[in-house]
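Reader: Could you take me through this structure? I am new to it.

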Amino acid sequence: MNGKYAMGIDIGSATSKCVLIGKDGNIAANSLIASGTGTAGPSMAVEAAFGKLGVTRENISAIVSTGYGRNSFPGADKTMSELSCHARGAYHLYPEAKTVIDIGGQDAKVLHISNGALSQFLMNDKCAAGTGRFLEVMSHVLQLDISEMSEAGARAEKPLEISSTCTVFAESEVISHLSRSASINDIVAGIHKSVATRTAGLVKRLGVIPEVFMTGGVARNENVRHYLSRELGVDIKTSPLAQYAGALGAALFALELTNNKE
Amino acid sequence: MEERKPAKILLREIADAAYQRAWDAKNAGEKVGWCASNFPVEIPAALDIPVVYPENQAAAIAAKGGGQRMCEHAEGLGYSNDLCAYARINMAFADLKTCEELDMPQPDFVLCCNNICNCMIKWYEALAKTLNIPMILVDIPYNTEYEVSEDRIRYIRKQFDEAIQKLCEITGKTFDPKKLEESMKVSNRTSRAWLKATDYCKYIPSPLNGYDLFNHMAVAVCARASVEAAEAFEQLAEEYAQSVKDGTSTYRGEQKYRIMFEGIACWPHLRHTYTALKDRGMNVVATVYADAFGFIFENMDEMMAAYTNVPNCMNIERAADMRIKIAKRTSIDGAVIHVNRSCKLWSGIMPEIERRLRTEVGVPTVTFDGDQADPRNFTPAQYDTRIQGFYEVMEENKKGGGR
């Protein structure tokens with residue numbers, strides 16, 4: 001436990017994120033690889049973060065792994081669920097956060113934070129609609145890069161309705177719109193609205209306690225945030241590091257582990 | 001002195017004997033029925049008519065790994081994947097006539113009661129039509145009121161009389177009101193003993209592993225009106241009383257957290273759902289089953305009311321109150337809620353039940369998607385994440401929360 005840094009790794013279904021923090025809890029290095037559990041993504045993410053600081057495993061005091069691949073990461077001192085890690089990371093990034101919305105590759109979660117810790121949560125049912133994967137499938141159909149989706153949605157003049165709650169059915173709806181030569185921007189806005197409506201239902205079930213903070217890859221999509229904010233009637237804050245919230249939370253738990261042992 | 005067999009062995013033997021009794025009757029040329037789990041068991045018991053329970057058989061088939069094969073067979077016959085998996089497994093069994101996981105005799109009649117759901121009616125109608133056998137239905141509609149009104153009792157009572165008459169016609173048996181009284185008495189005795197035994201969950205630590213109840217309940221469902229069942233549950237209660245005195249439990253290891261398991265067991269993944277809880281020191285001390293199969297009544301009218309006050313038949317306010325009462329009585333730290341794709345009625349009220357437990361009992365909750373018998377509707381990784389998060393919330397609560 002003599003290392004200088006504590007490490008958190010969030011191995012999701014679509015990406016692997018690694019965060020190294022110093023003893024002061026500040027981020028020293030972070031990395032993201034666009035492949036998740038069951039791939040070389042996790043080790044590449046670690047190598048990338050280590051490379052930024054020129055450190056090795058010897059310099060790491062403790063490792064906490066999280067995400068769907070958390071149990072298969074070798075060398076982790078502890079695993080934590082991504083629920084606790086996102087809550088912890090979000091609280092660190094934005095201490096006023098009381099409600100956290102995380103839309104990840106495979107699921108959507110709503111978390112309540114009380115005194116800086118996760119106090120209750122709700123997750124989506126097994127349907128993929130309303131998750132990052134849903135947006136990914138739609139971007140492929142529309143031949144857009146996922147990073148172009150937000151701007152396309154913002155340019156919409158008349159957002160269309162995508163009402164199906166099933167990803168496969170929604171894909172058919174999108175294709176129908178395309179075959180009627182509807183504007184791509186209007187379709188994208190419709191997709192974003194559908195994600196927002198579905199997620200808002202989950203948030204309302206648990207309760208909206210301001211301030212609301214969004215984490216996960218989809219937090220980068222400003223157009224989704226816009227519709228979600230409209231659905232919930234509150235501002236939704238985020239951070240450029242939102243996608244790292246899970247890994248950051250894991251790193252903070254690793255730091256706690258270090259401090260408890262010392 | 002001969003050593004007494006443990007109650008759990010006796011209960012298993014009673015469940016096995018119920019199937020054997022039906023086989024023996026069938027082989028001797030007697031009429032055998034298939035019976036819905038919440039059909040008033042006192043009626044066939046009073047007439048000494050052997051019946052077996054498709055729901056119990058389906059649960060056992062699913063627990064032994066045959067659920068998917070049977071469901072797929074039923075889907076091949078044209079039954080929708082949206083139907084209850086117990087129904088699909090049973091329709092497959094009715095078609096195949098045999099099942100390697102658990103066999104039971106084919107029916108000469110079916111006894112249906114829709115106090116658990118209306119899918120039951122169509123399921124039993126399909127059986128009756130496919131197998132060309134008579135069906136007796138006791139219609140106990142969903143109770144929109146909190147209490148069971150007089151007119152409902154009269155409506156159900158009238159059907160009881162008719163059901164008895166029809167059953168006599170089908171089987172050639174003669175009805176003796178004294179025998180019905182006797183079977184009601186025994187059924188009450190069994191229910192009281194069952195409730196007494198399960199009530200030991202309220203002790204800290206609990207003398208029993210809550211998952212034991214998923215096995216024991218088979219007898220509470222299908223052999224309530226037998227003296228052997230009453231005696232076995234009375235012995236079970238005695239054993240738990242002794243465990244409380246001795247500080248022992250059938251749950252191995254430290255009981256860190258006391259939880260409610262809401263909903264029917266996820267039979268195809270019983271081990272997985274259990275292990276994720278057990279690994280974190282969570283013991284199930286509250287289930288809806290325990291109270292649901294404790295039918296207590298003093299007379300015929302109260303019996304009609306008892307069969308209306310079953311989980312899927314009672315009004316949502318009563319359903320929520322029942323759970324809140326159980327949760328408080330057993331001092332739970334949290335609730336794990338099975339959103340069971342097979343059972344639309346039970347799952348349909350779960351968002352509200354979840355909210356009520358969270359807000360009125362003040363405990364963390366977690367919901368997971370699963371199924372009582374179709375293994376395809378459950379994802380282990382999704383379950384594990386939810387259970388780990390749920391555990392971490394309880395850990396934070398224990399620490400007092402906060403940083």
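**Chain contact and folds**

Author: The contact draws 18 residues from chain A and 18 residues from chain B, where two residues are in contact if their C-beta atoms, placed from the backbone, lie within 7 Å. This is a predicted model, in which local features need pLDDT of at least 70, side-chain atom pairs count only at pLDDT 80 or more, and totals for chains, interfaces and linings use all residues. Residues are numbered from 1 along each chain as its sequence is written, with chains lettered from A and ligands numbered from 1 in the order in which they are written.

Reader: What is the order of the open sheet in chain A?

Author: Its five strands run β8-β7-β6-β9-β10, with mixed pairing; two strands pair if DSSP finds at least two bridges between them. β8 and β10 (236–237) of chain A stand at the edges with a single partner strand each, so one side of each has no neighbour in the sheet.

Reader: In what sense do β6 and β9 of chain A pair?

Author: Strands β6 (residues 99–103) and β9 (residues 212–215) of chain A pair in the parallel sense, over four bridges. T99(A) has V212(A) in β9(A) as its bridge partner.

Reader: Turning to chain B, how are α4(B) and α5(B) placed to each other?

Author: They are roughly perpendicular, a term for angles of 65 to 115 degrees.

Terms used:
Helix = DSSP H or I, 4+ residues; strand = E, 2+ residues; numbered from the N terminus. Parallel < 35°, antiparallel > 145°, perpendicular 65-115°, else oblique.
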